[in-house]
Amino acid sequence: MKEFAQLFRALDQTTKINPKVEALANYFGRVTDRDKLWTIAILSHRRPPRSVKTSQMRHWAAEEGNVPLWLFEESYHIVGDLAETIANILPPPEGENEFALSYWIDYIIDLKGKPEEEQRMLLLDAWRTMDYAERFVFNKLITGGFRMGVSQKLMVRALSKYTNLDENILMHRLMGNWDPATDDFEHLLLADNPKDDLSRPYPFYLAYALEGEPDALGAISEWQAERKWDGIRGQLIVREGELFVWSRGEELVTDKFPEYEPLRSSLPNGTVLDGEILAFKDGEVLSFNVLQTRIGRKNVSKKILQTAPVILMAYDILEYGGEDLREKTLKERRALLEQLVDTLPEGSPLRLSEKLKVDNWAALAQEREQSRAFKSEGLMLKKLSSTYQAGRKKGDWWKWKVDPLTIDAVMIYAQRGHGRRANLYTDYTFAVWKEDQLVPFAKAYSGLTDAEIRQVDAFVKRNTRERFGPVRSVNPELVFELGFEGINASSRHKSGVALRFPRILRWRKDKPKEEANTLDDLKALLKIYGDQ
């Protein structure tokens, strides 16, 4: 654990990429294979399951630190991070240990299901042998809130430096359904095991948001334009007579979408398609709100299959006949994909994402303006000569999203943030008018500059009306323009509407609260753009 805590400090002390890569590569060279694999897992969001209630951890830490619980809670609200608060409140260690990261992860996993008193004693025994840095990391692992300021892409770069293997090979081997508790470093990353690739997807190629106007990209004839669909990005794989469906979050979701089962026999073995899982009925794409009714369900009922059937809107082919096609150009891959889709029987759950046929960028801009009518978020622009790369790369793939919907709203509640913003009120609740009453309808916390956040924080502290733990109600005076991607009817919200990806666009210092929008304005947007 000492090595892992030192790595955390080294990564936390710099924002530069090369020192982070160097620190990770050196760490991989010092620790055991089990520690390597668990570190990779943690940085790939494969953390050990939460085994202890955080409410109990707060009680036990307060008792061990000999502070009243109310003081611990106040400290926690100020610090904004439970792991850091506990590490600070605990008394100095009574000893030390030399146990590795993998030992402590096994320790954390074993806590699950034990009686509370036994959990308390085991947790105290662990805390008493750790210094501040070890406690902090240990607590982060227990609570599941671990962040090291390292992307998976950067971690793979460090692994490449350590193993001398190509980054794309490593990214591919880290895709899929592996488990750090049962797999081993050698088998997962160093050994070439073709059979292990049966269900493994490829790393997804991700686009950047378009900066500026599209005509700066050159001749439109060099680009392919298609709708940017608002669903779940996924890969569909058929190998050796078996079918697998992976989400972009590297979750195997085959059982969630039984509609795709016919593709197991209608697609050739050795086929991998990249596309969007979309709710689709009566020849039309349905909103993400409809698709959301299937997300998180353990069982897909007959009713759900009827009300929210899905298709795969395919826009790329990554493998055919077992051959990796990623180094071929998009133009070549698209031609093969079109041929493949043409061979499928009528009623297939696989559809081809349409190429938009326009002669100039102005015409394409007009197509973009129609995006919401197609239940899409905008357009995708892909260079016809581009290969299929791994991760987010600039230059060949761009997303050109439609401008957000907007509403002017009044801030009525504020809550403290977390981490470096734990002392500032940064999370806000907004309301619109219903006659002479303000009705809450959305929360947002991004979009303001640091200077604006400090100004709003000062306003909150001067204009608090009531306190509810970390939340304060404030005098309803400040007006903000909110942007959002979509709007839908919702019985769970007092306003009757739910927004998709709300964020602050600007602080309307020029507008008094009386001129903020109304609930009727929201419902008018719902009527035009939403599912009621």
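Which residues does Ser 490 touch, not counting residues up to four places away in sequence? Ser 490 touches Gly 496, Val 497 and Ala 498, where contact means heavy atoms within 4.5 Å. The model is predicted, with local features requiring pLDDT of at least 70 and side-chain atom pairs pLDDT 80 or more, while totals for chains, interfaces and linings use all residues. Residues are numbered from 1 along each chain as its sequence is written, and side-chain values use heavy atoms, without hydrogens and water.

- Ser 490 lies in the loop that joins β20 (486-489) to β21 (497-500); strands are DSSP runs of E with at least two residues, and helices are runs of H or I with at least four.
- With a relative accessible area of 12%, Ser 490 is buried (under 20% relative accessible area, with a 1.4 Å probe and protein chains only).
- The side chains of Ser 490 and His 493 form a polar contact at 2.7 Å (a pair of N or O atoms within 3.5 Å, one able to donate a hydrogen and the other to accept it).
- A polar atom of the Ser 490 side chain is also 3.2 Å from the backbone nitrogen of Arg 492.

**Packing of α4 and α5**

- Helices α4 (residues 54-64) and α5 (residues 69-79) pack at about 115 degrees, their axes 9 Å apart; axes are lines fitted to C-alpha atoms over the stretch in contact, and angles run from 0 to 180 degrees between N-to-C directions.
- That angle makes α4 roughly perpendicular to α5 (65 to 115 degrees).
- On the α4 side, Arg 58, His 59, Ala 61 and Ala 62 meet Leu 69, Phe 72, Glu 73 and Tyr 76 of α5.

How values were computed:
Parallel < 35°, antiparallel > 145°, perpendicular 65-115°, else oblique. Buried < 20%, exposed > 50% of the residue type's maximum accessible area, 1.4 Å probe, protein only.
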